[in-house]
Amino acid sequence: MITAYIPSEAGLLPVQCEKTHVIPPQTIWLDVHAAGPEEVRSAEQFLGFKLPTRDEMGEIETSSRIYTKEGRSYLTVLALVNSETDAPDTLDLTFILMRDRLVTIRYANPRPFTIYTVRAAIAGESVREPAYVLIGILEAFIDRLADTLERAGGEIDGVAQDVFHGTRIRPIQPAELREVVRRIGRAGHLAAKTRESLATIVRVLIQLGTMLPEKHHGTETRAHLKTAVRDCQQLVDHSSYLSNRTGFLMDAMTGLISIEQNNIIKLFSVAAVALMPPTLIASVYGMNFEHMPELSHPLAYPIVVGAMIVSSILPYLFFRRKGWL
């Protein structure tokens, strides 16, 4: 699908081009969303150059994601998608910035695009500068990523509250441990994906400031660029902090699991030691020797049973006195 955004009195007006394949010449922003071969050809014919393929967009080298060619700046970021599900992911999103036009190539529909199109429709004359539109889109992504980090931080705070401040009488059950570990892993994965996206955005913003001559920037555009870089760098630091917290919580949960396992092993060890003396007594009098004089004593049985009971109680009292139970 190809959408052309043309200037109007209020801002940018969207024009759908998927049926006619006719792109208005006054287009400021051309959005190529999961376009088919025919749509790609019409866009390339309008622009006068080849658009990068999906495989080319997915190159991991910085030189393949951020570069200038024939006066055009190619900038590729990782856009976070499905952030509200248990399987957040990142997809490549390419911007081609020219003096008079911005082109976006994407194969998903991240929510910041929808948010920005609403803003651009009422943004006034400032959106007639392509660089301003690009920074505005990236700002929408930054705002969305900030909300995502806030949600991940809330999840981490909830886990920390349950782990360190919960009062429980019975031991933690395996199902509860699995749920807590799953929550920690989900929050950590979301924070990592968010940081991955933010790192590419801040790299693009910094390069954007050096690629374009200052004469191509209006005062408002430069101010937005500086603000976006500062906000993005702060969010990168915050995402690193959240990643460290998830690592700490995972270590704490591993420690709690070890404590629970040690308690179980300790109980078995105490029971084994407490039962050793009565087991020894029972073993001695269970031997089938012919001459065991005490067996003929009328009080032999109660005396042996009593000795077995006492010998099992004394180790228990010893362990309690030492504080091992």
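Tutor: A charge is said to sit over a ring if NZ of Lys or CZ of Arg is within 6 Å of the ring centre and within 35 degrees of the ring normal. In this predicted model, the charged end of Arg106 meets that description, for it sits over the ring of Phe113, 4.2 Å from the ring's centre.

Phe113 belongs to helix 4, which spans residues 111-120 and in which Pro112, Phe113, Tyr116 and Ala120 are buried. Seen down the axis of helix 4, these buried residues fall within an arc of 100°, so they line one face of the helix. As a general point, an α-helix has 3.6 residues a turn, so residues three or four places apart point the same way. The buried residues of helix 4 pack against strand 2 (12-16), strand 3 (29-33), strand 6 (89-97), strand 7 (102-106) and helix 5 (130-164).

A search of the whole structure finds five aromatic pairs. In one of them, the ring centres of Trp29 and Phe113 are 6.1 Å apart and the planes stand at 35°, so the pair is tilted. This pair links distant parts of the chain, since Trp29 lies in strand 3 and Phe113 in helix 4, 84 residues apart. Trp29 has a relative accessible area of 0% and is therefore buried. Ring pairs extend the picture, linking Tyr5, Trp29, Phe113, Tyr116 and Phe141 into a cluster.

Five of the five residues of strand 7 are buried. Both faces of this strand are covered: Leu102, Thr104 and Arg106 lie on one side, with Val103 and Ile105 on the other.

Strand 7 also has partners in pairing. Strand 3 runs parallel to strand 7, and five bridges join the two; Trp29 stands opposite Leu102. Strand 6 pairs with strand 7 in the antiparallel sense, over five bridges, and a hairpin of four residues joins these two strands. Within that pairing, Leu93 has Arg106 as its bridge partner.

To draw the part together, Phe113 pairs with the ring of Trp29 and has the charged end of Arg106 over its own ring. Arg106 is in turn one of the buried residues of strand 7, a strand against which the buried residues of helix 4 pack.

How values were computed. Residues numbered from 1 in each chain as written. Predicted model: local features only at pLDDT ≥ 70, side-chain atom pairs only at ≥ 80, totals over all residues. Heavy atoms only, no water. Buried < 20%, exposed > 50% of the residue type's maximum accessible area, 1.4 Å probe, protein only. Arc of directions from axis to C-beta. Contact = heavy atoms within 4.5 Å. Phe/Tyr/Trp six-rings, centres within 6.5 Å; stacked < 30°, edge-to-face > 60°. Pairing = 2+ DSSP bridges.
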